[in-house]
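Thanks for asking me to look this one over. My notes follow, in the form of numbered points to read alongside the model.

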Amino acid sequence: MRKILLLCLAAFIFLSGCSKTSQAIKQTPRIKECDKMYMRINQHIFEIHLYDNPTVQALKTYLPMSVTMKDLHHNEKYHYFNQSLPTQIEDIDYIHTGELMLFETNCLVLFYDDFSTNYAYTRIGYIENNDEIKNILGEGQVEVEFLLDD
């Protein structure tokens, strides 16, 4: 009787731990990469790996495009669109240099420094080789051209 009780208790603990793990996995969706676009700042070209989501699909309909991006907090450049894009907003917690995201429904943001945040964004893509991005973006506003992969 004691063995059965211990086995039941062990099974209960094991199964309750599994259900918490599966819930955690469901709360952290995996975002599949689909393709690339390019960003040109002056003569510098960066490859942006895009996520597969409705925001990216809508953004691609505007490409190629040139925008003026303003500086905010010495860690990001932003541009407001006249139209809203579809969103898949998520709490980000930590932002990495080279990430491209949408804030709210119409603000394109390019981050050029790492930092923690309490804000929520929709992921668009990221620049893998971003060592020089901070120096190239400089201070103040900058003209940025976004192009699709040919």
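**Notes on the model**

1. The structure holds 7 salt bridges. One of them pairs the side chains of Lys 60 and Asp 35, at 2.8 Å from N to O. Lys 60 belongs to helix H2 (residues 54-60) and Asp 35 to strand S1 (residues 33-41), so this pair ties together parts 25 residues apart in sequence. Lys 60 counts as buried at 18% relative accessibility, while Asp 35, at 27%, counts as partly exposed.

2. Strand S1 also supplies Lys 36, which ties it to Glu 47 in strand S2 (residues 44-51), 11 residues apart in sequence. Lys 36 is partly exposed, with a relative accessible area of 30%, and Glu 47 is partly exposed at 29%.

3. Please look at Glu 90 and Arg 123 too: they form a salt bridge whose closest N and O atoms are 3.3 Å apart. This pair links distant parts of the chain, with Glu 90 in strand S5 (residues 90-91) and Arg 123 in strand S10, 33 residues apart. Glu 90 is partly exposed at 21%; Arg 123 counts as buried at 19%. Through shared partners, salt bridges join Glu 90, Glu 99 and Arg 123 into one network.

4. A word on confidence, as this is a predicted model. The mean pLDDT of the protein chain is 83, and 77% of its residues reach 70 or more. Residues 1-30 are the part to treat with care: their pLDDT is below 50, and beyond near neighbours in sequence this stretch has 0 contacts in the model. Where pLDDT is low, the predicted coordinates should not be read in detail.

5. On the overall layout, the protein chain has 3 helices and 11 strands, in the order α-β-β-α-β-β-β-β-β-β-β-β-α-β along the sequence. Of the contacts with a separation of 6 or more, 60% are between residues 24 or more positions apart. Buried residues make up 38% of the 150 residues. The accessible surface comes to about 9,700 Å², with 52% of it belonging to carbon and sulfur atoms.

6. Which residues have the most contacts inside the largest nonpolar core? They are Met 39, Ile 41, Ile 133 and Phe 146, in a core of 28 residues. Apart from it lies another core, of 9 residues, among them Met 101, Phe 103, Val 109 and Phe 115. Ile 133 touches several residues beyond its sequence neighbours, including Met 39, Ile 41, Thr 97 and Tyr 112.

7. Asp 113 sits in the loop between strand S8 (107-111) and strand S9 (115-116), and counts as partly exposed at 27% relative accessibility. A polar contact of 3.4 Å joins its side chain to that of Lys 134. Other residues that Asp 113 touches include His 74, Asn 75 and Thr 97. From C-alpha to C-alpha, Asp 113 and Ile 133 are 9.1 Å apart in space, and 20 residues apart in sequence.

8. Is Asn 130 buried or exposed? Asn 130 is buried, with a relative accessible area of 14%, although its place is in a loop, between strand S10 (120-127) and helix H3 (133-137). The side chain of Asn 130 reaches the backbone oxygen of Thr 97 at 2.7 Å, and Asn 130 also touches Gly 98.

Notes
Residues are numbered from 1 along each chain as its sequence is written. This is a predicted model: local features need pLDDT of at least 70, side-chain atom pairs count only at pLDDT 80 or more; totals for chains, interfaces and linings use all residues. Side-chain values use heavy atoms; hydrogens and water are left out. pLDDT is the predictor's confidence in each residue, from 0 to 100. Contact means heavy atoms within 4.5 Å. A nonpolar core is a set of buried Ala, Val, Leu, Ile, Met, Phe, Trp, Tyr and Cys residues joined through side-chain atoms within 4.5 Å. Buried means under 20% relative accessible area, exposed over 50%, partly exposed in between (1.4 Å probe, protein chains only). Helices (H or I, at least four residues) and strands (E, at least two) are DSSP runs, numbered from the N terminus. Accessible areas come from the Shrake-Rupley method with a 1.4 Å probe; for residues, only the protein chains shown count as cover. A polar contact is a pair of N or O atoms within 3.5 Å; within protein, one must be able to donate a hydrogen and the other to accept it, and residues adjacent in sequence count only if both atoms are side-chain atoms. A salt bridge is a side-chain nitrogen of Lys or Arg within 4 Å of a carboxyl oxygen of Asp or Glu. Lists of a residue's contacts leave out its neighbours within four places in sequence.
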